[in-house]
Amino acid sequence: MVAKRPVAPAGCMNDDDVASSGTIMDPTRLAAICNKIDEYAAGAGGAPMSGRRVAAICAMFDDRAAAGRTRRNKLRKNLCVDSTRSYKQVGEIGSGTFGAVVKAVHRKTGLTVAIKTFRRRDGKKVPGDGGVSQLLREACFLAACGGHPNLVGLHAVARDPRTKKYSLVMEYAGPSLRRALRDYVAAHGGAFPEAEARRIMRHLLTGAEAMHARRIIHRDIKPRNVLVGEEGGGGAVKICDYGLATVCPAHKRVGTSWYMAPEVLMHRTDYDERADLWSIGCVMAEMLSGEVLFKVDDGDGNARQLDRMFDVLGTPGVETLQTFAPPFAVGKMLRQLARQPRPSHQGRLRELFPGETLSEEGFDVLKGLLTWNPKERLTAAASLRLPWFTGAVDDPASEIGATASLSLVRVLTSVLAFLRRMALELIRFSLRLRRKSNI
């Protein structure tokens, strides 16, 4: 069955019309290209999409490549698909269930890129059309996000002349946040200091703000899908892997349950980009603790996942439940909460992230992102306006190892705050004494 997507206005479904609808890939154009991919995939009946149609889709990413019907533009359309022979593989970056990413260099320009190929680990065929439509959808979102310093963009769609398989050629931005955090914990015995977490969060939220301005929901933000740059690379932070991305609003549950917003976990069909902000809050918590915040054993299901959320964040009221759970699930959840030993439990988020780990300003960001009610959850833009970001200058990424200095700064800050509070109390006390003496 072809997944339903937002329907584009009449006149946008023609190949050339889609391609010439504006140099900026707005949500309408993005949805139109995704619909065209689904149309071509359905027409292929599960068989691999023809090379001509793949080239036509790739041409839609760039107006200039398919702006008219002249012979010259038709030739340019054919050139929109590159060859994998143009690149030399120099290393492996990572692999997943349905794909692998390698590091490569463009033979002519020397540009370092990342190449993603859809294939199974066990060597079996990727279901459906071999992953071609999935690859083209991701290419579409990569093209839409390209050009922003905190979003990974598309270089090309490439075809292997020998196997006839397609790959995504993307920006190379270094290792994942998951790997960087794991290596840091191994080297220093603890998670990132607050200053480094803030630096990464600033870039992450800036990227999310730009992505959401394009009405794109990522739906799978997690440390593995955030790239943090290599040493000497300026500490670039970029969101990557748009394989589950969609145009807002979204209509079905996808993603990784540990980082999934409650409205997505509960199968709401009307969630928006604020689902990504919950995921970013989970990433922030993981950077500061070194552990997945809402981790449960595989196979435990939704009930156990929600129990973990209730334990950390507290139990929401009926009105809040109705904002993220569909009507048929609210009653069931209320009965589940009633069976808990502490139905009015207020949560222990601050207990998990005390003052010596996260300042009050930082905790305001974390708590605002991990808010049950999507309507009250912080947006990316609102988060960046909070004092945690506006009142601090990020340390360079190269200074991440200065744990002792950062700890000393945090201690001195806490001492100064305590002395300030004591001074205020003394002033208030002296004022009260003066009033009594006047009486």
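Predicted model: local features only at pLDDT ≥ 70, side-chain atom pairs only at ≥ 80, totals over all residues.
pLDDT is the predictor's confidence in each residue, on a scale from 0 to 100. The protein chain has a mean pLDDT of 79, and 72% of its residues reach 70 or more. Over residues 1–23, the pLDDT is below 50, although this stretch has 54 contacts in the model beyond near neighbours in sequence. Residues 398–411 also have a pLDDT below 50, and there the model shows 13 contacts beyond near neighbours in sequence.

**The sheet**

Let's turn to the strands. Six of them form an open sheet with mixed pairing, in the order E1-E5-E6-E4-E3-E2. At the edges are strand E1 (81–83) and strand E2 (87–95), each of which pairs on one side only. On average, neighbouring strands of this sheet are turned by 35 degrees against each other, direction ignored. E2 runs antiparallel to strand E3 (residues 99–106), and seven bridges join the two.

| Helix | Strands touched | Direction of the helix |
|---|---|---|
| H3 (residues 51–60) | E1, E5 (154–159) and E6 (166–171) | about 115 degrees with that of E1 |
| H6 (residues 132–145) | E4, E5 and E6 | about 20 degrees with that of E6 |

H3 also has a helix partner. Helix H2 (residues 27–44) packs against H3 at an angle of about 175 degrees, and their axes are 11 Å apart. Because angles over 145 degrees count as roughly antiparallel, H2 is described as roughly antiparallel to H3. On the H2 side of this contact are Arg29, Ile33, Lys36, Ile37 and Tyr40, which meet Arg53, Ala56, Ile57 and Met60 in H3.

**Lys116**

Lys116 lies in strand E4 (residues 112–118), and E4 is one of the strands touched by H6.

Is Lys116 buried or exposed? Its relative accessible area is 12%, so Lys116 is buried, the cut-off for that word being under 20%.

Which residues does Lys116 touch, not counting those up to four places away in sequence? They are Ala100, Val101, Leu135, Glu138, Ser167, Leu168, Met170 and Asp241.

Terms used:
Residues numbered from 1 in each chain as written. Heavy atoms only, no water. Helix = DSSP H or I, 4+ residues; strand = E, 2+ residues; numbered from the N terminus. Buried < 20%, exposed > 50% of the residue type's maximum accessible area, 1.4 Å probe, protein only. Contact = heavy atoms within 4.5 Å. Pairing = 2+ DSSP bridges. Axes fitted to C-alpha atoms, helices over the stretch in contact; angles between N-to-C directions. Parallel < 35°, antiparallel > 145°, perpendicular 65-115°, else oblique.
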